[in-house]
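Please look over the structure below before reading on. The questions that follow take up its charged pairs and its surface.

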Amino acid sequence: EIRESFPILNQSVHSDKRLVYLDNAATSQKPVEVLRAMEEYYGEYNSNVHRGVHALSARATQRYEEAREKVAGRNRGGPT
């Protein structure tokens, strides 16, 4: 189930009812794979993409471009 990918939705509110979050215009919740990617980015190569000449910027740019290709493949219906 898609819901299981979103850790924040695994909680109960208002007398033990499953949390439903519909305020996506303000903040959208993130699936666990996005949270892991964010943790990796901030912990290992937090830097400007396409802006620096140092190692962290190069790694951030590489990972950014890899993510772009992955999303483009998904949008074209190809493998992810």
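**Charged pairs and surface**

R18 counts as exposed, because its relative accessibility is 54%, where exposed means over 50% relative accessible area, buried under 20%, and partly exposed in between (1.4 Å probe, protein chains only). This is a predicted model, in which local features need pLDDT of at least 70 and side-chain atom pairs count only at pLDDT 80 or more, while totals for chains, interfaces and linings use all residues. Residues are numbered from 1 along each chain as its sequence is written, and side-chain values use heavy atoms, with hydrogens and water left out.

Q: With which residue does R18 form a salt bridge?
A: A salt bridge is a side-chain nitrogen of Lys or Arg within 4 Å of a carboxyl oxygen of Asp or Glu. For R18, the closest N and O atoms of the pair are 3.6 Å apart, and the partner is E1.

Q: Where in the chain do the two residues of this pair, R18 and E1, lie?
A: The pair links distant parts of the chain, 17 residues apart. Helices (H or I, at least four residues) and strands (E, at least two) are DSSP runs, numbered from the N terminus. R18 belongs to strand β2 (residues 17-18), and E1 to the segment before β1.

Q: Is E1 buried or exposed?
A: The relative accessibility of E1 is 63%. Because of this value, E1 counts as exposed.

Q: Which residues does P7 touch, not counting residues up to four places away in sequence?
A: P7 lies in the segment before β1 (12-13), and P31, although 24 residues apart from P7 in sequence, is 6.9 Å apart in space, C-alpha to C-alpha. Contact means heavy atoms within 4.5 Å. The residues that P7 touches are K30, P31, V32 and L35.
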